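Colleague: I have a model open and want to learn how to read it. Can you take me through some features?

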Amino acid sequence: MTVRVVTDSAADLPREVVEALSITVIPLVVLFGDEAFRDGIDLTTGQFFEKLVSSPVHPSTSQPSVGAFQEVYEALAGQTDTIVSVHIGAKFSGTVAAAEVARDCLGKRCRIEIVDSQGASLGLGFAVAAAARAAKEGASVEGVIAAAESVVRRQHTLAMLDTLEYARRGGRLSRVEALLGNLLHVKPILSVKTEIRPLSRTRTRAAGLKRMFDLAMAYPGIEQVGVMHATSPEDAEMLAGWVQERLQNVPVHITRIGPALGAHGGPGIMAMTIVEGEKTEA
Amino acid sequence: MAGGKFPLSNAESEGHAVTRGRRGRDTTTYSGKDLREMFAAATTWLEQNAQAINSINVFPVPDGDTGTNMYLTMRATMDEAYESGSEAANVVAGAMAKGALMGARGNSGVILSQILRGFADSLSKKERFDSHDFVAALDEAAVSADRAVSHPVEGTILTVMRAVAAAARERSKKLRGNLKNVLAAAVEAAKDAVAKTPSLLPALREAGVVDAGGQGLYVMLEGALRYLRGDLASLAPLAVQDPERTWARATTALHGIGEALYGYCTEFLVSGEKLNAGATLERMLELGDSVLVVGDETLLRVHLHTAEPETAISYGRSLGRLSQIKVDNIEEQAGQFVARVQASRYVPEIGIVGTVVVVSGAGLEDVFRSLGATAVVPGGETMNPSTRQILQAIESCPQEQVIVLPNNKNVILGAQQAARNSRKRVRLVGTLSVPQGMAALLALNPEEGLDDNAALMEDARREVRTIEVTKAIRTTTVAGLRVRAGQDIALLDGTLAVAEDSPQAAVRESLNRLVNDQTSLITIYYGAQSTAEDAEALADEVRAVYPSLQVDIVYGGQPHYRYIVSLE
C-alpha cells in the first residue's frame, strides 16, 4: 500500500505540487484577536498580508488542533496503513506536538510516523516533496522517512526581513533583537533552521537581497533552490534570475511565504532555501 | 629636570669618558642618562613646535595632528625612559622603544616608534655608546622605519630618516667626527630633506607645505642638538619630569581595587588665570569620583572618574586653555566586559569573534555599541588612540579571536601594531571611516570564524560611500581644488573634493557627485558642532532634492566633522 504523506500549511507548497504528489495539507490557524482563520482555506495568503498591514491587531499563528489532525489521520487510515507526517520545526510551532497526540489517539489502526523538519516554508516543503515523491515511487515507510530526513539534514533556509516591527510585535525574536540595535534601521538576515539565528545585517533592502543571495550561494554542491516572497514577486523573480545565472542546471522554485513566517517577518520578507547535494554530506 | 644638570660646555665634560683613538678619532662614550636627556630635550622642543607641525598637514583638516601625535608618542616614550631608572644606554633605549610602542598615536607616531625600535635594537649590547654606535643606531632606525610601512613613499619622514642616517655616517668618517658634529650634520641633512619633500610628493607641492612627519623628525633632532650644545634658552622646562611621575603614581592609586569600575577616566590640564583649585575640586566631585586636582592659579591638573567626561571637559574649557586631555574607558581598562547603562538592549551575543571599534563621539559610540561592538576605543579629540588603548580593548574582549575596525586611516598603523602585540588572533579590517566601520560591523556573522568574517567585513566596507564635512584650517590647494581657510570642505571617501561657503552647500555638492541609481539610503550623523534642528533642516533639504531616497538622521557627537554622511 502506498504511504500517504501529510504536512501543514507552513510548507508553502504550491497547489500544483500538492495535487500532483497527493500530499495532504493541514492548515495552521491564524488568529487576529478573536477571529480564527484556517490558513489557506478561510484566508488566502494575499488576504493575510493585507490584513497584517491594516488590522490594528497583530496576528498570531497557532498549530492545528488535535482534532484537525485526528480527522485527517482517520480519513487517510481508510486508504492506507502507513502515514508519514512531516511538519514545521518544533521550536517554531506546537504542530508536531499536536500531531503526536493525534497519532496516539489512533492507536493501532494505522502506522503514523511523525518527522520534525526543524524548518519552515520550503525548508519544510522540500522535505515533504521528497517524501511524497518517494512514496509515489512505492518506497517503504522507512524509505519515505529517509527521503524526508535526508532533505532535513541538507537544507538551509535564510530569511531577510524588511523591518523588525512585526517581529517585535510578535515578541518572538528577542535574541535577534539584542544584536540589531534600534539607533540604525537595519535589515536582518536570519537562519531559519531548528531555531532563528542572526547571520548578517544590511541597511538597505537592495543590499539585503544581495547579501542573502551571497550567503545562500556559499553552500557547496547545491542541487535545489527555493526563492520565497510575501508581497514582492518582482524581487523573487530577480533573485531567482540571479540563482539561475549562477547555477545553470539547478531547479529554482518560487513560492509565496504564508502566515507562519509572514506574521513575524512582515509583508516585505524574502527567503531562500538551499538543498545541498547528497554527495557533499559529511 | 627642573634644576637638572645640563652640561655647561660640550658633552666632553661632566664624567664622560674622554678618550682618543688613533688618528684623533673621538671615542668619547655616553651613558643612558645622556641618551635620555637628549631625547627629553628633543621631546620638549617637539612639544613647543607641535601646533606648527599640525598646521602643515597636507589636508587642511582640524584633526591632522601629526605634531600632537608625535609629541604624545614621545611623551609616552620618555615616561618609560624615566621609569627605567637606569644609567645603561641599552636599558634606556629599550625602555624608550617599549614606551613608544605602546604610546604610539597616529601613523606618524607608529613610524616614530619603529624608528626608536631600530635605534634600541642597534644599541642592545651597549651600556655606553660612542658616536659610531650612534651612527649605526641611526642606520638601523632608518631600516626599521622603512619596514614599518607596507608601501614606503618618498617625500615623507622615511626619506628624511634615511638622509639623516646617511649624513651622520658621512660626517663620522671625517676629522672630529664627534657626537655633536655628527648630530649637527644629521640636523642639516634633515632640514634639507624636509625642504625637498615637496619635490618628491606632488600633493605637498600643490598644498605648498613640507611633509609634517619629516618636519617633526627634524625638530626632534634639532632639540637633541640644542641640548648637546648647551643651548638652553630655547628649551623650557621639560614636560616629562618628576612631577609627572608623581602624578602617575597618585592617579594609579585611584585605580586600585575597590574603586567603582564604571565610566571614563578623565584627565586634563587647564592653563589660565586666577584658577581656583578648590572650586574645581568641588565641581568635579559633583560629576564623579576618584577626583584629584593639583596646581596653582595658572595651571591645574585634573583627574576624575565620571560617566560624563564631556561635562567635565566643558567645565575645564570654561576655565582656560585645555591640553593633555585624556579620556579612557575604565570598563575596558579593567578588562571587564560591562554592559552600558542602557545596556539590556545593547548586550550582544558573545559570538566566536569579538570586535574592537575606534570612534570619536558619544552618539557614534552608542550606535556602535547598539550594533553589538564588543569593545569601543574612544579616539578622543585627535581621533587617534594610542597603541596601548587599542591593545587594552583587544584584551578586554571575552573572545580569543578579534577583529579591529580603525575607522580612520591615521589609526591603521597603530591598530596593526596593537594586533601584532596581542597574544590573541587578531585581524584588522581597514575601515577608513565611521560609515565603513558600521557597514563592516553589520556584516559580522556570529556563526563564522575570524578569517571568513574578516572577508565578509572587507567586502561590506567597500559598499558604502562616505562624505565628511569640516572647516578648512588653512588656505591651500589640494588636487587642483583651491580652498580658503574657514570654508566648509568635504572629503569624499577620504579625498578632499568639495569647498563651499556653508556646510549645507558642502553636503549638497557632495551628494550631487555621489548619488546614483544604486543609492537608496542616506544617513546624516551630526557632530558636536551641530544641532538636531540643523540636522533636521539639512535632511529636509536633501529629501526635497532626492524624494525617492530614505534620509535618516543620527546623533553622532563627533568632534571636528560637523556632518558625516553615508550613502548606501
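Colleague: Where is the place of A:Pro14?

Modeller: This is a predicted model. A:Pro14 sits in the loop of chain A between strand 1 (4–8) and helix 1 (15–20).

Colleague: How many residues apart in sequence are A:Pro14 and A:Leu158?

Modeller: They are 144 residues apart in sequence. In space, C-alpha to C-alpha, the two are 19 Å apart.

Colleague: Next, the sheet. What is the strand order in the open sheet of 6 strands in chain A?

Modeller: The order reads 10-9-8-13-11-12, and the pairing is mixed. Edges come next. Strand 10 (195–202) and strand 12 (252–256) of chain A each have a single partner strand, so one side of each lacks a neighbour in the sheet. From one strand to the next, the twist averages 20 degrees.

Colleague: In which sense do strand 9 and strand 10 of chain A pair?

Modeller: Antiparallel, over 7 bridges, with strand 9 of chain A spanning residues 187–193. A:Lys193 stands opposite A:Glu195 in strand 10 of chain A.

Colleague: Which strands does helix 10 of chain A touch?

Modeller: Helix 10 (residues 233–246) of chain A packs on the sheet, touching strand 11 (222–229), strand 12 and strand 13 (270–276) of chain A. The direction of helix 10 makes about 165 degrees with that of strand 11 of chain A.

Conventions: Residues are numbered from 1 along each chain as its sequence is written. Chains are lettered from A and ligands numbered from 1 in the order in which they are written. This is a predicted model: local features need pLDDT of at least 70, side-chain atom pairs count only at pLDDT 80 or more; totals for chains, interfaces and linings use all residues. Helices (H or I, at least four residues) and strands (E, at least two) are DSSP runs, numbered from the N terminus. Two strands pair if DSSP finds at least two bridges between them. Axes are lines fitted to C-alpha atoms, for helices over the stretch in contact, and angles run from 0 to 180 degrees between N-to-C directions. Two residues are in contact if their C-beta atoms, placed from the backbone, lie within 7 Å.
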